Amino acid sequence: MRPSFSIIFFTVMSGAGYGLWMIVGVALALFWPEVSPGKGLTLMRYPGLYLYGLAAGFVLVSSGLVSSLWHLGKPARAWRAFSQWRSSWLSREGVAALFTFIPAIGIAVIVAHDAWVMRTVGNEFVIGGTFWFSTTAFSILGMLLAVGSMLTVFCTGNIYACLKPVRAWHNRYVVAGYLLLGIYSGGLLAWALCSLPNGHMRGMRWLLAGIAVAALAGALLKHFYWRFIDREPDATTGDATGLKSLGVVRSFEQPHTEENYLTHEMGFRIARKHSRKLRRIALVAGFLVPAVLALLALFVPGSWRAGAWIALVPGMAGIFVERWLFFAEARHTVMLYYGAR
Amino acid sequence: MTSLPPRARRKLGLVIDLDTCVGCHACAVACKEWNDGGAFGPLPDADPYGAEPNGVWFNRVHSYEVAGMGNGEWGIGRSQAQSTAPCSSTISDSPFPIPASPQTVHFPRSCLHCETPACVTVCPTGASYKRAEDGIVLVDEDKCIGCQLCAWACPYGAREFSARRGVMQKCTLCVDRIYNETLDEADRQPACVMACPTRARHFGDLGDADSDVSKLVAERDGYALMPELGYAPVNRYLPPRPRRDGTTAAKAPAAEPIDTVQMSPLLRWVDRVLSR
């Protein structure tokens, strides 16, 4: 399949954004932020990660969604895509993406409101629970944000996994891969954001341990996925035409002299030539380097701040390579009619 | 709605005879001609007279060489096909002998108007739909956003994206001909069927067991393409009949020996002149 940049950018960026939102949501709900009592108020200390995470997630998710519009022939009609959620995973993804903005905006509104009130309270950079509902609301909105984010990525994965004509997509590794890599790249981002001023987060050790585990799990998943798609596909031109029982079927004349939409879109061949090297690059840069740095950060005190950005850059680059391969290596059944094997 | 309608009794579709198709592309050209000006057109080409013309065609005619299985005995294809189940071809039970020598099969490929088409259910906008009354799969070009997911979902390559128009286009089974009361009744057939010079294409209701096309399918062991994928195509293909394989072909008459000595000198001279 032709790896179109808009879709690769969309799936990597919005995947990372939703992963980040998932982590922010879970952190809000479970690792209730450090609080200190104020004048009749509960104050959230070090809100940095939540602010940065929400904002960065918003930028990534939105830019990803906007980039996916570039893929459309008629972007102005994109609103119609929310209508067929009963049958279409693409439509479900749109609905889930829209839904996930609601808790994100809710959290942002509360944070902004509190920041406005807090200006008058003290000189410490704090954001507090000025409303009775703040602690509870943060938990509920955090959970909704996490669930919505994962649902959206789940739908993204299923868009590909439901396509039976593409063997490299129609398998159980695909949805798991999208979810795992989304959370993993979101974790790398959260780690980097924590190293910014005021970016402290409770449960930092959990985050680092999670990154290391997710990196190893991701590498294993991709390893098994690649082993699966490398197994010889059993279908031939004879199967596609139904002429197999008359003998070996070979295409000797194409229906058209030039490329058409099908051969352009589904007959992409370059990747297979370099796939070994690219897979190794994706594994080492995308998973092994960040995993080693995360483990280092866990056991060598003080190294987590420096390691964060060093891990993020190769990590994201590796995931871009992985996503490019995901499209470029996939073969479509229709190419059997054109004599592909 | 991209949810599928309940299974209709009527299943309009095509039956394509691979035995008589000569690969002339008349169906493809007639289709392009009608649909460029029909209700679902136009079908504009990019660079139509340039070096790399590119555009939407609803019909594509492939040509294949089918190598013979070697000895022309009955049942070889059957045993081989059964051993590779479940991907075995649907004509493995064909009672025809397997040809010993290679043959050419021309293979027109177009929308099969499946009973459970994934191209319809993946559509996020409702632009793709299957008609409840006759099972024709269509695209509403005013709703299509051009996401191209339906083309990915179709294993038969029935859908092509029009870069010029920004929407997906596909075979309409000439829905603007078959119900068109301004045409003579005899002309209310898809353009490809009308154009075929060898009558290799037949149009009718495959949901009706008594229809001409259903009888033809039953008589000639018509088969569906890749039924194992589960889309339940409506169109049927009729397998090629067995060809003469060289052993049964009529021999060219051998040269008869002539005794020139018994001939008259005139005839001997004529024979010598003509034998030069």
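## Two chains and their contact

In chain A, 79% of the contacts with a separation of 6 or more are between residues 24 or more positions apart. Two residues are in contact if their C-beta atoms, placed from the backbone, lie within 7 Å. The model is predicted: local features need pLDDT of at least 70, side-chain atom pairs count only at pLDDT 80 or more, and totals for chains, interfaces and linings use all residues. Residues are numbered from 1 along each chain as its sequence is written, while chains are lettered from A and ligands numbered from 1 in the order in which they are written.

The table sets out both chains. Helices (H or I, at least four residues) and strands (E, at least two) are DSSP runs, numbered from the N terminus. A residue is buried if 20 or more other C-beta atoms lie within 10 Å of its own, with C-beta atoms placed from the backbone.

| Chain | Elements | Buried residues |
|---|---|---|
| chain A | ten helices, four strands | 50% of 341 residues |
| chain B | eight helices, eleven strands | 45% of 276 residues |

The order of elements in chain A, from the N terminus on, is α-β-β-α-α-β-α-α-α-α-β-α-α-α. For chain B, 66% of the contacts between residues at least 6 apart in sequence join residues at least 24 apart.

Within chain A, helix 1 (residues 5-29) packs against helix 5 (residues 172-194) at an angle of about 70°, and their axes are 7 Å apart. Axes are lines fitted to C-alpha atoms, for helices over the stretch in contact, and angles run from 0 to 180 degrees between N-to-C directions. Helix 1 and helix 5 of chain A are therefore roughly perpendicular to each other, a term for angles of 65 to 115 degrees. The residues of helix 1 that meet helix 5 include A:Gly15, A:Tyr18 and A:Ile23, and those on the helix 5 side include A:Tyr178, A:Gly186 and A:Ala190. By class, this contact has eleven nonpolar, six polar and no charged residues. Ala, Val, Leu, Ile, Met, Phe, Trp, Tyr, Cys and Pro count as nonpolar, Asp, Glu, Lys and Arg as charged, and the others, Gly among them, as polar.

Between the chains, the contact takes 51 residues from chain A and 59 residues from chain B. Strand 4 of chain B gives the most to the chain B side, with seven residues. That side has 35 nonpolar, 18 polar and six charged residues. Strand 4 of chain B also pairs with strand 4 (residues 249-253) of chain A in the antiparallel sense, over four bridges; strands pair if DSSP finds at least two bridges between them. In strand 4 of chain B, B:Tyr64 stands opposite A:Ser251.

Conventions
Buried ≥ 20, exposed ≤ 12 C-beta atoms within 10 Å, placed from the backbone. Parallel < 35°, antiparallel > 145°, perpendicular 65-115°, else oblique.
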